[in-house]
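Good morning, and thank you for coming. Please look at the sequence and the structure on the screen while I speak.

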Amino acid sequence: MCGIIGYIGTAQAAPVLLEGLRKLEYRGYDSAGVAVLEGGGIDTVKTSGRIEALAEKVRAAGGLSGSVGIGHTRWATHGVPNETNAHPHVSSDGRFAVVHNGIIENYVELREELISQGVSFRSETDTEVIVQLLDRCYDGDLKQALMRTVSRLRGSYAIGVLSASDPDVIYASRSAMPLILGIGAGENFFASDITALVSHTRNVIDMDDGEFAEIRRDGISVFDHSGKLIRKPERRITWDIAAAEKNGYDHFMLKEIMEQPAALKASIEPRLRDGRVVFEGLELDMSRFDRVLITACGSAYYAGCVGRTVIERLCRVQTEAELASELRYRDPVMDERTLVIVISQSGETADTIAALKECRSRGAFVLSIVNVVGSSIAKLSDFVIYTWAGPEIAVATTKGYTTQVAVLEMFALWAADRLGRVSPERYAEIAAGIARIPERAQRALDLNASVRRLAKRYHGNSSLFFMGRDLDYAVSLEGSLKLKEISYIHSEAYAAGELKHGTIALIEPGRLVIALCCCERLFEKMVSNIQQVKARGAKVLAVACEGERRIFSEADDVLLVPRADEILMPVTEIIPMQLFAYHVALENGCDIDKPKNLAKSVTVE
Ligand code: F6R
């Protein structure tokens with residue numbers, strides 16, 4: 001969702017801001033803008049649409065000269081995505097400019113109050129109240145004015161502030177929205193995430209809720225909510241800059257699909273020692289829990305659906321998966337005997353954070369599986385297991401999902417062992433299977449050329465179905481989501497046994513049904529379901545395990561993936577489906593890395 005960036009240094013600010021905004025594009029946006037301090041005033045350039053259009057406008061405006069500035073990519077919440085509603089927003093007297101990510105819940109009340117004091121508003125946004133309020137609170141001390149301003153705000157925010165009266169400083173503050181500070185030499189930064197800064201610095205400070213940063217050319221001071229100076233640890237980013245670049249690939253999504261063997265290796269290898277699963281620092285007595293509840297949104301929830309089955313099967317503990325966006329509303333029964341597993345690639349998903357807080361308030365132990373170090377979910381959890389997938393830029397998650405599944409499988413084995421519910425032989429068998437996940441993922445990628453051919457054949461379908469049973473059903477949910485989010489083709493995932501309870505009415509001649517058949521136990525039942533849809537004229541593309549001969553006489557097209565223990569199949573089985581979604585979207589001319597209406601990090605509820 002929205003991205004913010006700020007720069008103060010000796011270089012020209014506009015190119016730094018525009019480059020940073022390009023790196024934040026992946027978060028999803030529909031308008032953008034920059035503001036630079038120039039000759040004692042603030043110059044602002046904004047546009048609806050893409051950063052390239054903004055860069056063009058900046059060029060047309062003579063380039064915006066000045067070495068202090070702020071920038072923004074906006075994903076519209078309050079007001080349509082046009083130039084007026086784009087950030088930065090400037091106070092009526094032109095002294096202050098603000099960029100904001102988040103939602104100010106009491107903005108109507110604040111707006112009315114300010115209007116009654118004679119302030120006139122230009123935009124429909126919630127953000128404009130921040131800058132107008134700041135203007136009213138300012139009496140020569142910007143830090144005090146900002147503290148007074150945020151004390152009036154309810155909701156979530158990461159804010160960046162530029163002031164024409166204070167040309168040697170920029171401010172940033174956060175509450176429940178991601179914000180990091182970048183430390184350079186003679187220059188400093190703030191941004192929504194590291195990708196925007198990594199080409200300038202690898203030294204960062206993670207901001208916490210309620211804190212303010214005073215950012216000058218020669219240093220950064222951080223204060224707590226009461227204005228007291230605090231010491232914040234610095235963190236060094238170790239990942240390669242190339243990880244946030246396309247590196248010769250046409251799209252981040254394809255690059256990230258291809259990176260999966262490496263991402264899986266990074267997530268698995270350090271945690272497998274002499275055939276044993278080790279989670280450094282995790283001292284959890286599993287016998288204190290009588291149930292496990294997995295919660296997440298979107299693909300992370302679908303990873304959770306795989307995790308639910310694997311954990312329950314190996315640990316023999318009642319395990320459920322529930323959408324984080326729904327969990328709160330049903331007044332869930334849970335206490336300290338519930339282990340809650342929260343899954344999130346970004347660690348910033350608003351609904352997931354809300355569910356996490358709800359679970360903690362009811363006494364549950366929260367273990368999270370997160371990809372972004374220092375993210376909100378990581379900070380709020382009792383224990384974090386990181387997926388070491390590296391930065392994921394494409395909106396459609398791929399390596400994020402597969403590393404989540406792999407970590408869940410490892411956790412299931414670890415927990416089953418702690419509970420004494422897995423024999424040494426079975427343990428060794430599964431651990432050996434886990435060690436070979438990266439290699440199997442690599443072999444699944446070899447299907448790329450075949451999948452591309454199938455995509456050319458089927459990309460014209462306007463609607464299709466995925467079906468599977470048990471773990472195959474969990475994977476089909478993710479396969480279907482991948483396809484619809486980047487190709488905009490209507491698709492539904494069905495538990496194969498459910499089709500005949502209504503949905504089969506929608507099967508008509510030529511309709512494509514993708515049948516996932518990697519659960520060997522259920523193969524015969526899947527064959528029956530394939531026959532049922534074929535009898536009604538459907539075309540069937542089946543995904544099955546290598547060596548499975550029978551499927552060729554049942555399906556129109558077959559993709560075979562490397563065989564493994566049934567509980568370890570999902571990671572490899574999803575890969576041809578990710579490739580299918582990618583190639584179909586490519587055939588249909590879709591904007592693969594930035595699908596319409598979607599954002600990478602969904603920071604609103
Ligand atoms: C789909 C996708 C989303 C995310 C969901 C949760 O490809 O990426 O469905 O999985 O928005 O995001 P995180 O994992 O960041 O909490």
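**Backbone, helix pairs and cysteines**

Tyr488, at 34% relative accessibility, counts as partly exposed; here buried means under 20% relative accessible area, exposed over 50%, and partly exposed in between, with a 1.4 Å probe and protein chains only. This is a predicted model, in which local features need pLDDT of at least 70 and side-chain atom pairs count only at pLDDT 80 or more, while totals for chains, interfaces and linings use all residues. Residues are numbered from 1 along each chain as its sequence is written, and side-chain values use heavy atoms, with hydrogens and water left out.

Let me stay with the backbone. Tyr488 is not a glycine, yet its phi is positive, about 65°. Tyr488 sits in the loop between α16 and β24 (490-495); helices (H or I, at least four residues) and strands (E, at least two) are DSSP runs, numbered from the N terminus. Arg316, also not a glycine, has a positive phi of about 55°. The loop between α8 (298-315) and β19 (318-323) holds Arg316, and with a relative accessible area of 57% this residue is exposed. A cis peptide bond, with omega about 0°, joins His87 and Pro88. Pro88 belongs to the loop between β4 (68-74) and β5 (89-90). Why mention such cases? Most residues other than glycine have a negative phi, and most peptide bonds are trans.

I turn to two pairs of helices. Helix α16 (residues 471-487) packs against helix α18 (residues 569-587) at an angle of about 20°, and their axes are 9 Å apart. Axes are lines fitted to C-alpha atoms, for helices over the stretch in contact, and angles run from 0 to 180 degrees between N-to-C directions. Therefore α16 and α18 are roughly parallel to each other; angles under 35 degrees count as roughly parallel, over 145 as roughly antiparallel, 65 to 115 as roughly perpendicular and the rest as oblique.

In the second pair, helix α12 (residues 399-418) and helix α13 (residues 424-435) pack at an angle of about 160°, with axes 11 Å apart. That makes α12 roughly antiparallel to α13. Which residues of α12 and α13 meet? Glu409, Met410, Leu413 and Asp417 in α12 meet Tyr427, Ile430, Ala431 and Ile434 in α13, where contact means heavy atoms within 4.5 Å. The residues of this contact of α12 with α13 divide into 6 nonpolar, no polar and 2 charged. Ala, Val, Leu, Ile, Met, Phe, Trp, Tyr, Cys and Pro count as nonpolar, Asp, Glu, Lys and Arg as charged, and the others, Gly among them, as polar.

Next, two residues in the interior. Gln132 lies in helix α4 (residues 128-137) and is buried, with a relative accessible area of 2%. Ala542, in strand β26 (residues 539-545), is buried at 0%. Leaving out residues up to four places away in sequence, Ala542 touches several residues, including Ala515, Cys517 and Ile551.

Finally, the cysteines. How many disulfides are there? The count comes to 0 disulfides, a disulfide being a pair of cysteine sulfur atoms within 2.5 Å. The sulfur of Cys519 is 7.4 Å from the closest cysteine sulfur, in Cys518, which is too far for a bond. Cys545 is in no disulfide, as the nearest cysteine sulfur, that of Cys518, is 4.3 Å away. Cys519 counts as buried at 2% relative accessibility, and Cys545 counts as buried at 5%.
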